[in-house]
Amino acid sequence: MEVKILGTGCPKCKRLERIAREAAVEAGVEANFEKVTNVDDIMAYPIVSTPGLVIDGEVKSSGRLPRKEEVVAWMKEVRA
């Protein structure tokens with residue numbers, strides 16, 4: 001599973017990465033994490049604001065911090 005954290009490195013972006021890593025452990029999935037910090041690369045995704053969460057190429061969240069339970073559910077859904 002490919003997980004991308006879209007953001008320039010702000011505290012919310014770092015928190016989102018922590019949430020996503022914890023969620024992957026809870027969901028029992030192996031994931032490769034990538035931080036996308038280049039503004040041009042971030043703008044390639046259909047998001048209005050950061051932080052953004054992309055799982056296997058699909059934007060799951062943007063502009064907010066999702067609850068860990070949400071991220072676990074998204075990861076299990078993609079894995080299924």
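**View 1. Pro51 and its loop.** Pro51 sits in the loop between α2 (39-43) and β3; helices are DSSP runs of H or I with at least four residues, strands are DSSP runs of E with at least two, and both are numbered from the N terminus. The structure shown is a predicted model, in which local features need pLDDT of at least 70 and side-chain atom pairs count only at pLDDT 80 or more, while totals for chains, interfaces and linings use all residues. Residues are numbered from 1 along each chain as its sequence is written, and side-chain values use heavy atoms, with hydrogens and water left out. The point to look for here is the peptide bond from Thr50 to Pro51, which is cis, with omega near 5 degrees. For context, most peptide bonds are trans, and most residues other than glycine have a negative phi.

**View 2. The hairpin of β3 and β4.** Two residues lie between the strands of this hairpin, and Asp56 takes a positive phi near 50 degrees there. Asp56 has this positive phi although it is not a glycine.

**View 3. The four-stranded sheet.** In what order do the four strands of the open sheet lie? The order is β2-β1-β3-β4, and the pairing is mixed; two strands count as paired if DSSP finds at least two bridges between them. At the edges are β2 (32-36) and β4 (58-62), each pairing on one side only. On average, neighbouring strands are turned by 20 degrees against each other, direction ignored; axes here are lines fitted to C-alpha atoms, for helices over the stretch in contact, and angles run from 0 to 180 degrees between N-to-C directions. Strands β1 (residues 2-6) and β3 (residues 52-55) run antiparallel and are joined by four bridges. Four bridges also join β3 to β4, again antiparallel. As a reminder, strands of a sheet pair through backbone hydrogen bonds, either parallel or antiparallel.

**View 4. Leu53 in strand β3.** Follow Leu53 across the sheet: Ile5 stands opposite Leu53, and Leu53 stands opposite Ser61 in β4. Leu53 is buried, with a relative accessible area of 0%. Which residues is Leu53 in contact with, leaving aside its neighbours within four places in sequence? Among them are Val3, Lys4, Leu16, Ala20, Val59, Val71 and Trp74, where contact means heavy atoms within 4.5 Å. Leu53 and Glu2, 51 residues apart in sequence, are 11 Å apart in space, C-alpha to C-alpha.

View 5. Helix α3 (residues 68-79) lies across β1, β3 and β4, running at about 25 degrees to β3.

View 6. The buried residues of α1 are Cys13, Leu16, Glu17, Ile19, Ala20, Ala23, Ala24 and Ala27. They fall on the same side of α1 because they cover an arc of only 165 degrees around the axis, taken from the directions from the helix axis to the C-beta atoms. These buried residues pack against β1, β2, β3 and α3. On the face turned away from them you will find the exposed residues Pro11, Lys14 and Val25. Gly28 follows α1 and has a positive phi near 70 degrees.

**View 7. The nonpolar cores.** A nonpolar core is a set of buried Ala, Val, Leu, Ile, Met, Phe, Trp, Tyr and Cys residues joined through side-chain atoms within 4.5 Å. The largest one has 15 residues, of which Val3, Ile5, Ala20, Leu53, Val71 and Met75 touch the most other members. At least two residues of this core come from each of β1, α1, β3 and α3, and α1 gives the largest share, six residues. A second, separate core of six residues includes Val36, Ile42, Tyr45 and Ile47.

Conventions: Buried means under 20% relative accessible area, exposed over 50%, partly exposed in between (1.4 Å probe, protein chains only).
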